[in-house]
Amino acid sequence: MNQLAHPQDVASLAERAVTLDHLSNDDIYGEGKRPGFDIRYYVSLVRANIVLIAVMLGAALALAVVTTMLQTPRYTARASVQINDQSERILKDQEDSSASVNASYDVDRFLQTQIDILNSRGLAVRVMQKMGLTGNARFYKSVQVEAPAPGADPRMVRELTIAMLRSNLAAKLPRNSRVTAITFESTDPEMSARIANGFAGEFIQANLQRRYDSSAYARDFVSNQLGEAKARLETSERAVNRYARENGLIRTRDAIPAPGPNGASQTGGGSSVTTASLLQTNSAANDARSARIAAEGRWQAIAGVPLLSAREVLSNASVQQLTTERGKIDAALEEERARHLEDHPTVLQLRAQLGAIDAQIQRTARSVRDSIRADYLAAASTEQALGNQVDRLKSETLAEQDRLVQYNLLAREADTNRALYDGLLQRFKELNAAAGLSASNISIIDEAETPTSPSSPNLMKNIAFALFAATVLAMLVVFLKSQFDDTVHVPEDVEGKLMLPLLGVVPKTRGDSPEQELLDPKSPISESYNSLRGALIYATSHGLPRTLLITSSQPAEGKTTTSWAIANSLARMGRRVVLLDVDLRRPSLHHKLDGENGRGMSNLLTSADPVLSAVRETGTENLSLITSGPIPPSPTELLSSARMEAVLAELAAAYDIVILDCPPVLGLADAPLMSALVEGVIFVVEADRGRRGSLKASLRRLRAMQPTILGAVLTMFDVSKGSNRYSEYYGYDYYQYSGKDKASTKAAA
């Protein structure tokens with residue numbers, strides 16, 4: 001059994017019962033989730049409201065038919081035009097003067113712009129003027145408006161005509177297409193076709209006119225800018241020449257390449273005579289320095305080694321020839337020495353020739369060395385002279401650069417003005433050549449033809465729309481009706497609306513009273529309460545709860561009969577059961593015995609008498625009863641006293657299960673107060689009993705005390721009703737199985 005409330009907590013129970021109306025939906029429905037989508041529940045909901053749905057559908061059908069018959073036939077003419085991104089070019093280098101679409105992401109915006117132009121007021125004005133629709137009685141009749149009086153305000157007539165044109169026109173562009181449909185609807189088929197074609201034609205004309213007007217404006221603008229640019233160019237050129245003459249600057253423009261970014265040369269920088277001389281002299285000085293270094297290297301190479309060992313001497317052609325001749329003479333001398341003595345004339349002659357050759361080789365080698373030295377001295381002299389010249393030109397160039405600062409500013413301004421003038425001149429020539437020669441990017445695909453059949457009213461379309469709207473409205477009404485009505489019609493509603501487990505379903509009795517049905521162990525009521533008993537045996541973790549409270553939302557829902565039936569059913573199983581009538585306002589359990597109610601719960605709660613002194617036997621083995629006793633003046637105070645806790649504790653120790661038959665929850669604090677003192681609560685709900693929030697309000701009051709609500713029992717359920725035919729309990733009929741045929745009557749509570 002749940003832990004009973006302490007004496008100090010009993011006084012707060014009444015206060016907790018007062019704060020029941022401030023709970024959220026989670027407090028009402030518990031922590032469990034709502035059940036999922038159940039098609040059978042919604043089908044039963046439709047069947048229960050089939051008359052309402054049929055009436056709404058019938059009314060919608062009748063309204064659609066009557067409305068269709070009363071409407072005037074209207075005819076829709078359709079013309080189609082193709083819209084390209086930009087017009088074709090007539091001239092080779094002609095550019096489109098209007099804004100063209102150059103990026104794929106902007107195509108949709110461009111096409112939508114064209115649709116907006118078709119629906120614009122300006123195009124409607126062009127069509128009105130072109131077709132002479134202002135004051136046209138046939139036009140006003142075709143759009144079903146009253147023609148203006150002859151003396152009407154012209155501005156009002158004009159605005160009326162424009163409004164009628166725009167309201168009956170429709171321009172739509174299908175997805176992934178450039179063909180736009182232009183439709184016009186009126187009661188006159190010929191007028192519809194004429195106006196649709198008029199919009200298509202004026203759309204093209206307006207597009208061409210915008211291009212021409214844009215080109216004319218561009219030409220005028222460029223012409224004015226061209227004159228201003230020419231004047232600025234002349235002024236800047238004169239300023240450059242005047243400054244150069246005053247400062248003695250001679251500039252050669254585009255003559256010498258100027259180094260550009262990344263080291264590449266570029267033209268157009270301009271150069272003065274002094275700068276050009278400096279560049280040329282500096283280049284020559286660099287070459288002279290390179291020549292001097294090379295000559296110096298050659299001289300040092302030959303001056304530091306023996307004369308006949310130098311590479312420059314050995315590579316000389318004369319030296320090589322003399323060396324060859326010496327070799328021959330030397331070979332001949334050796335031969336003669338082999339045959340003659342040293343003083344032989346031939347030997348002496350050859351030795352004289354060999355000395356002459358050696359002297360000649362020495363002279364030639366010295367000549368080569370002297371020429372290399374002369375080259376070195378000449379290169380050094382040239383380098384020095386060019387270096388002096390470069391230094392002089394540097395000084396002159398640096399002095400000139402100070403004067404070139406202002407000159408360059410003036411020159412850049414002149415160059416900018418020249419480039420601007422050349423661009424404007426070229427653009428002006430192109431605009432003059434292309435003026436008025438632009439082709440339209442819009443072409444007519446299909447002209448509107450006079451329609452032969454009306455486009456509206458469409459009977460089938462109106463009926464379908466009316467039925468659809470009525471169906472949606474009916475479903476909405478039924479849904480809202482079900483949401484605001486917590487009446488339980490079928491067992492599925494217990495979980496769907498109350499979010500409580502369903503412990504059992506008690507059918508409607510077919511006998512004189514439920515008590516008579518309960519006497520038959522094979523009757524439908526007996527079988528249903530046996531099923532409920534089986535559910536209670538496993539209701540808690542330790543099995544059957546030791547203390548059980550049975551209550552309902554309102555009176556006469558079957559809670560007393562349920563209490564009596566559960567007690568009898570458990571007693572037949574061998575459980576020791578005591579049934580308490582704690583309805584101290586309208587007690588009824590004493591009628592199950594001899595009607596005597598002189599002593600009971602009210603006596604126990606107002607005295608210290610032993611609890612077992614008020615127990616009465618019922619004639620059923622293992623089943624005892626404590627009636628309510630005399631009705632006290634304040635039942636709530638007695639039920640919330642510490643004595644009530646003590647009575648329950650003593651009875652729970654003496655019996656296997658204590659069952660409390662409580663008063664209804666709604667409007668009373670008795671059941672919520674006692675629900676905190678028991679292990680489990682059973683909530684009895686009568687099927688098909690009209691309510692407006694009473695069930696949820698009762699559950700809210702109960703849950704405020706945080707009891708253990710085991711579930712709900714649905715009583716007086718009639719499976720033969722049409723609204724219950726889609727419940728899973730339909731067809732679960734005990735009557736045919738038991739072989740009994742009894743008249744159906746409503747069970748008493």
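Let's start with Gln 144. In this predicted model, Gln 144 is partly exposed, with a relative accessible area of 45%. Its phi is near 60°, a positive value in a residue other than glycine. Where does Gln 144 sit? In the loop between α8 (137-142) and α9 (154-168).

Ala 556 is the next stop. Here phi is positive too, about 65°, and Ala 556 is not a glycine. Look for Ala 556 in the loop between β10 (547-552) and α19 (559-572). Ala 556 is partly exposed, at 47% relative accessible area.

One more loop. Between β8 (442-446) and α15 you find Pro 457. The peptide bond from Ser 456 to Pro 457 is cis, and omega is near 5°.

That brings us to α15 itself. Helix α15 covers residues 459-484, and it packs with α5, residues 50-70. The angle is about 150°, and the axes are 8 Å apart. The two helices are therefore roughly antiparallel. Their crossing is right-handed. Who makes the contact? From α5, the residues include Leu 52, Met 56, Ala 60 and Thr 68. From α15, they include Asn 462, Ile 463, Ala 470 and Val 478. By type, the contact residues of α5 with α15 are 19 nonpolar, three polar and no charged.

Last, α13. This helix runs over residues 317-339, 23 residues in total. From first C-alpha to last, α13 reaches 34 Å, close to the 33 Å expected at 1.5 Å a residue. Which residues of α13 are buried? Val 319, Leu 322, Ile 329, Leu 333 and Glu 336.

Key
Residues are numbered from 1 along each chain as its sequence is written. This is a predicted model: local features need pLDDT of at least 70, side-chain atom pairs count only at pLDDT 80 or more; totals for chains, interfaces and linings use all residues. Side-chain values use heavy atoms; hydrogens and water are left out. Helices (H or I, at least four residues) and strands (E, at least two) are DSSP runs, numbered from the N terminus. The expected span of a helix is 1.5 Å times one less than its number of residues. Buried means under 20% relative accessible area, exposed over 50%, partly exposed in between (1.4 Å probe, protein chains only). Axes are lines fitted to C-alpha atoms, for helices over the stretch in contact, and angles run from 0 to 180 degrees between N-to-C directions. Angles under 35 degrees count as roughly parallel, over 145 as roughly antiparallel, 65 to 115 as roughly perpendicular and the rest as oblique. A crossing is left-handed if the near helix is turned anticlockwise from the far one by less than a right angle, and right-handed if clockwise. Contact means heavy atoms within 4.5 Å. Ala, Val, Leu, Ile, Met, Phe, Trp, Tyr, Cys and Pro count as nonpolar, Asp, Glu, Lys and Arg as charged, and the others, Gly among them, as polar.
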